[in-house]
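I am opening these notes to record what I looked up, one topic at a time. The sequence and the structure come next.

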Amino acid sequence: MMKKLILIAILAMAHLGLMAQKYFTRTGEISFFSSTSVEDIEAHNKTVTAVFDAASGAIQFSVTMKAFHFEKALMEEHFNENYVESDEFPKSTFKGTIKDVESINFKKDGEYNSEVVGKLTIHGVTKEVSTMATFTVKDGKVMGIAKIQVNPEDYKIEIPGVVREKIAKELEVTMKMDFVEKK
Amino acid sequence: MDSRWGSRKLIIMIRKILLGLCALALLGGIVAYFQYNKKHRDIASEESSLKITSVALFGAYSTNEKEANALYLDKVISVTGEVSEKTDEENSKLLVLKSDDDFFGVNASMENGEDIGNIEVGAQVTVKGRCTGGDDMGVIVTNCTLVN
């Protein structure tokens, strides 16, 4: 009898593991900001697709570069044509893990912090990155926020000398995603 | 006598050159000003370069992203499909058009001013927008407006 109970318990737990929720968004937001003495540069992309697995902590997102919106059309043009060369590299991606996903209780409202590590690919160049992220659970939804400093040179993004002065050495990139359960 | 007439002509010539340079500089300034303040593309006013179904568009991107980009990247296209999901908020209007995948599809990000209040999930719609790329997690079409 005991053996049967244990077996059932194990199977039930395994089943729960398999049933663990995936969360997603199709309207994730990535923004970046650069401030110099000359000018402020700001862009937003609100069409990021992101998915994470609440059990394994696996997380990934995809962002199309041409969907970054700048207030100045000329800046947007330079960004696409000269810097990130979006015709050649239309998409940037991230594939990684929410390290402390086990400490996040998706059934209990609250704020949880975790390091997120993984591979970030921009302009065809992949780099290992890591950052702290905050996951806010509320009514079954999860809002994930993270900031990361990105150095364009790390991704072979060439900014001509004249313009280089206008752009800060590192850009602050902010990610804000409102995840919902994937049914 | 001669040198006086000569220097007069020289002064007139210099004045003309300076005037010419000023005009050039002014022109340059005007061009730069208009370039700096140039407007964003008005996708709603552009003609779509092709019509496609959401099933075909997503299929193209999930099969071969590079080939799909060669065909659709940065083009203004008309996409027809069944609405599988709708987000209708002040700063976020999205219609997901169905594909053969039971979850991912074509993400039609609508212009903020576009009214999608009457669009129901399950309805057939056609949207016109700019394709910014995609993969097997979704094809992104931005600045979308509803078309008939």
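In which strand of chain A does A:Thr121 lie? I found A:Thr121 in strand E6, residues 110–122 of chain A, where helices (H or I, at least four residues) and strands (E, at least two) are DSSP runs, numbered from the N terminus.

Before going on I noted that this is a predicted model, in which local features need pLDDT of at least 70 and side-chain atom pairs count only at pLDDT 80 or more, while totals for chains, interfaces and linings use all residues. Residues are numbered from 1 along each chain as its sequence is written, chains are lettered from A and ligands numbered from 1 in the order in which they are written, and side-chain values use heavy atoms, with hydrogens and water left out.

**A:Thr121**

Setting aside residues up to four places away in sequence, A:Thr121 touches A:Ser92, A:Thr93 and A:Thr126, a contact being heavy atoms within 4.5 Å. With A:Thr126 there is also a side-chain polar contact of 2.8 Å (a pair of N or O atoms within 3.5 Å; within protein, one must be able to donate a hydrogen and the other to accept it, and residues adjacent in sequence count only if both atoms are side-chain atoms).

**Chain A as a whole**

I listed three helices and nine strands in chain A, and buried residues make up 45% of its 183 residues. The C-alpha trace of chain A spans about 80 × 30 × 25 Å along its principal axes. In helix H2, residues 73–83, the buried residues I noted include A:Leu74, A:Phe79 and A:Tyr83, and the helix is followed by A:Glu85, whose phi is positive, near 45°.

A:Gly28 is found in strand E1, residues 22–35 of chain A, and at 0% relative accessibility A:Gly28 counts as buried. Beyond its neighbours within four places in sequence, A:Gly28 is in contact with residues including A:Val48 and A:Met177.

Which residues touch the most other members of the largest nonpolar core? Of its 46 residues, these are A:Ile30, A:Phe52, A:Phe61, A:Phe68 and A:Phe106; such a core is a set of buried Ala, Val, Leu, Ile, Met, Phe, Trp, Tyr and Cys residues joined through side-chain atoms within 4.5 Å. A second, separate core of 27 residues includes B:Ala68, B:Tyr72, B:Val83 and B:Cys131.

**Where the chains meet**

I counted 27 residues from chain B and 27 residues from chain A in the contact. The area buried between them is about 2300 Å², of which carbon and sulfur atoms give 59% (the accessible area, 1.4 Å probe, that two parts lose on being put together, summed over both). B:His40, B:Phe103 and B:Met137 supply 28% of the area that chain B buries against chain A, more than any other three residues.

How many salt bridges are there between chain B and chain A? The count is four, a salt bridge being a side-chain nitrogen of Lys or Arg within 4 Å of a carboxyl oxygen of Asp or Glu. One of them joins A:Arg26 and B:Glu85, with the closest N and O atoms 2.6 Å apart.

Technical notes:
Buried means under 20% relative accessible area, exposed over 50%, partly exposed in between (1.4 Å probe, protein chains only).
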